[in-house]
Amino acid sequence: MRRESGRPAHRAGSPVGRAGDRSAGTAHREASHHGQHLPSLADALAAGPVVLDGGLSNQLEAAGADLSDALWSARLLAEEPQAVVRAHQAYYEAGAQVAITSSYQATFEGFARRGIAEEQAAELLRRSVALAREAAALARAGGVAGPLYVAASAGPYGAMLADGSEYRGRYGLSVAELERFHRPRLEVLAAARPDVLALETVPDVDEARALLRAVRGLGVPAYLSYSVAGDRTRAGQPLTEAFAPAADADEVIAVGVNCCAPDDADRAVRTAARVTGKPVVVYPNSGESWDAEARAWYGDPAFGADRVAGWAADGARLIGGCCRVGPDAIAALAAGLGR
């Protein structure tokens with residue numbers, strides 16, 4: 001899953017689990033953060049590779065957070081918000097230029113199951129963006145230079161179900177039904193003014209189509225990132241078919257893959273660039289595996305900074321890590337990109 005390495009039973013190399021007459025990318029041509037006028041993320045991608053962060057949950061767990069909850073890191077939005085700030089800050093200080101918020105598993109439906117009313121749920125979604133902004137401000141105060149961006153995470157429908165279906169897709173819902181599920185929280189996240197909406201760990205082309213419809217007219221650009229196995233989505237569709245809908249979506253400034261094996265990412269980057277002609281986003285898992293009986297990770301990480309040059313050469317412009325990829329790995333990746 002996006003940013004969430006804490007749910008054992010799956011490999012870390014595959015999932016554990018615009019506005020008006022202008023495109024969204026143009027609408028965000030220049031952003032103002034704490035008095036600074038920054039280039040839009042789309043412009044930054046056009047200028048060269050940009051560094052994403054790593055797995056949020058593994059950083060939270062390393063700091064002692066308990067994520068054994070159906071809401072995962074989204075629970076901390078209400079209960080331990082400063083832990084989220086510190087995790088984002090660690091990645092900014094390691095060289096990440098983009099922090100992905102802790103809203104992957106944050107939905108109105110998921111919060112309602114915990115007795116959290118709609119108004120409070122909306123506030124928690126907005127808070128996810130504010131906490132990342134706070135971390136960026138702290139990083140700048142500590143001497144981190146250059147633009148720092150915030151990507152508001154929106155995970156797939158199956159993440160809300162918390163039953164593993166986010167790694168299979170095929171929920172039995174129509175594209176229209178999935179659009180109705182995603183649109184309300186995307187509206188709230190967009191209103192919090194992140195630099196980009198992260199439509200991530202998407203297992204299924206139908207859900208991707210729903211998400212692309214759901215972000216229309218929000219005035220915030222988006223990137224679309226699939227979870228894949230080999231040369232197919234987790235639902236089994238060819239990646240050439242999966243990437244195609246993003247090619248003509250004005251809101252989409254990057255398309256690619258996350259929460260997959262690094263080897264699968266190598267192939268997917270080339271396919272995404274060829275099919276869409278857009279900048280590619282890539283942030284795979286560490287490649288380690290989970291032994292459910294021993295309750296321990298095993299194997300050597302396959303994620304390494306040595307892959308970065310190849311990804312960049314093949315069209316990747318938004319590059320980071322997902323599950324089990326921490327600040328040290330992001331620091332090495334950033335160094336490899338001259339960050």
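Where is Gly142 found? A few notes below start from there.

1. Gly142 sits in the loop between α7 (118-141) and β5; helices (H or I, at least four residues) and strands (E, at least two) are DSSP runs, numbered from the N terminus. Because its relative accessibility is 65%, Gly142 counts as exposed, where buried means under 20% relative accessible area, exposed over 50% and partly exposed in between (1.4 Å probe, protein chains only). Its C-alpha atom is separated by 8.4 Å from that of Glu93, 49 residues away along the chain.

2. A word on the source: this is a predicted model, in which local features need pLDDT of at least 70 and side-chain atom pairs count only at pLDDT 80 or more, while totals for chains, interfaces and linings use all residues. Residues are numbered from 1 along each chain as its sequence is written, and side-chain values use heavy atoms, leaving out hydrogens and water.

3. Now the sheet. Eight strands form an open, parallel sheet in the order β3-β14-β11-β10-β7-β6-β5-β4; two strands pair if DSSP finds at least two bridges between them. β3 (50-51) and β4 (98-100) stand at the edges with a single partner strand each, so one side of each has no neighbour in the sheet. Helix α5 (residues 81-94) packs on the sheet, touching β4 and β5 (149-154), with contact meaning heavy atoms within 4.5 Å.

4. β11 is worth a look. Both of its faces are covered: Val280 and Val282 on one side, and Val281 and Tyr283 on the other, are all buried. In a regular strand the side chains alternate between the two faces of the sheet. Three bridges join β11 (residues 280-283) to the parallel strand β14 (residues 316-319), and Val281 stands opposite Leu318 there. With β10 (residues 252-258), β11 pairs in the parallel sense over four bridges.

5. Turning to charges, the whole structure holds 12 salt bridges, each a side-chain nitrogen of Lys or Arg within 4 Å of a carboxyl oxygen of Asp or Glu. In one of them, the side chains of Asp195 and Arg133 meet at 3.0 Å, N to O. This pair links distant parts of the chain, 62 residues apart: Asp195 is in the loop between α9 (175-191) and β6 (196-202), and Arg133 in helix α7. Asp195 and Arg133 are both buried.

6. Another salt bridge joins Arg307 and Asp263, with the closest N and O atoms 2.8 Å apart. Arg307 is buried, with a relative accessible area of 16%, whereas Asp263 is partly exposed at 43%.

Methods. Axes are lines fitted to C-alpha atoms, for helices over the stretch in contact, and angles run from 0 to 180 degrees between N-to-C directions.
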